Amino acid sequence: MNKNQANNFTALWVKYSEYEIVEEKKVKYIKPTENAQYEVYDPFEIADEILVDILNIGKLVGEDKDVDKSILEFVNKYGLMGELTYLPLNNNLVYQKKVFLPKKNPITTKDVLPIEEYLEKFLVCDKKHRIQIFASKDKNGPIGISNNNEITANLFLNRGIEYNVVFSKGYSEQIQWIIEYAKYLYLIFADIEIYYQQDNDELKSALNMLIKTFKVSNLTCKIEMLEKASLVWDFNSLKQAIDTMLLLNETNERKTAKMCKHCGKAFSSQNIKAEYCSPQCRNQANVYKSRAKSKESEEQ
Ligand SMILES: [Zn+2]
């Protein structure tokens with residue numbers, strides 16, 4: 001998808017300059033490194049790059065390849081997914097003091113968690129930048145989050161209080177969560193390709209059922225006058241932004257993140273006719289085509 005094609009829209013996310021993989025109780029997490037600095041960027045400026053990168057990780061996962069390094073590279077480029085704010089079904093988590101979660105979620109088997117317990121799931125690795133969660137003196141008042149480190153990232157973006165945690169140096173996500181997400185995203189991407197190439201109506205409707213399961217939940221947007229009327233996505237996470245990118249890409253007549261017809265890799269191209277990710281794949285595909293042709297003429 002290309003940001004400049006149709007609408008003016010803006011969306012911002014925080015990423016740190018460097019991340020690392022750490023292991024806690026045999027589970028692998030990704031978190032910012034001790035001396036990392038935060039920066040703010042607009043993921044939609046580089047939507048195709050993000051989409052192609054995550055889809056190709058998903059393809060590798062499907063092939064049972066080890067993707068830890070690719071995921072670390074991805075996070076170093078674009079930041080963590082923001083699972084903490086992506087998952088909940090309710091808003092204003094900290095004020096409501098509890099979190100309602102979808103039935104199938106990677107974090108817990110429960111449907112509801114107290115906010116403290118929920119936040120702890122994302123603060124497993126960091127002892128030093130410990131974020132304190134405390135109840136307000138007023139029994140019905142909100143709980144508070146004190147944060148001795150990078151609270152400034154959220155001051156800049158002015159998001160809800162739970163983003164103090166998401167944008168902090170203490171915040172971490174399990175690698176496995178990103179693996180599952182990438183795998184699912186590539187599955188949807190590939191199924192849409194297969195759908196187009198398929199003549200069998202039964203298979204097509206089965207694919208359609210699967211593709212329909214993909215949706216962007218909780219998305220809110222508004223119009224703001226930034227020079228021109230602009231669509232401002234209040235997206236709750238990088239993950240929700242990527243969901244939106246896939247949705248816009250797949251429903252665009254001129255989709256720019258495409259699947260290579262030869263090797264299945266995702267690639268980005270502004271050329272509407274581009275079908276292959278590289279000259280190698282185009283050549284290979286041509287060789288197969290001419291072989292199939294000569295076989296046909298032999299058989300006739
Ligand atoms: Zn290819």
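Let's start with two helices: α8 passes α9 in a left-handed crossing. Keep in mind, please, that this is a predicted model. To find the pair on your screen, look for residues 175-197, which form α8, and residues 201-212, which form α9. The two pack at an angle of about 155°, and their axes are 10 Å apart. An angle over 145° counts as roughly antiparallel, so that is how α8 lies relative to α9.

And which residues of α8 and α9 meet? On the α8 side we have I188, D191, I192, I194 and Y195. On the α9 side, they meet K204, L207, L210 and I211. By class, this contact has seven nonpolar residues and two charged ones, with no polar residues.

Now let's move to the strands. Strand β3 covers residues 19-24, and strand β4 covers residues 27-32. They run antiparallel, and six bridges join them. Together β3 and β4 form a hairpin, with two residues between the strands.

What else does β4 pair with? Its other partner here is strand β10, made of residues 173-174. β4 and β10 pair over two bridges, in the antiparallel sense. To see one of the positions involved, find I30, whose bridge partner in β10 is E173.

Notes: Residues are numbered from 1 along each chain as its sequence is written. This is a predicted model: local features need pLDDT of at least 70, side-chain atom pairs count only at pLDDT 80 or more; totals for chains, interfaces and linings use all residues. Axes are lines fitted to C-alpha atoms, for helices over the stretch in contact, and angles run from 0 to 180 degrees between N-to-C directions. Helices (H or I, at least four residues) and strands (E, at least two) are DSSP runs, numbered from the N terminus. Angles under 35 degrees count as roughly parallel, over 145 as roughly antiparallel, 65 to 115 as roughly perpendicular and the rest as oblique. A crossing is left-handed if the near helix is turned anticlockwise from the far one by less than a right angle, and right-handed if clockwise. Two residues are in contact if their C-beta atoms, placed from the backbone, lie within 7 Å. Ala, Val, Leu, Ile, Met, Phe, Trp, Tyr, Cys and Pro count as nonpolar, Asp, Glu, Lys and Arg as charged, and the others, Gly among them, as polar. Two strands pair if DSSP finds at least two bridges between them.
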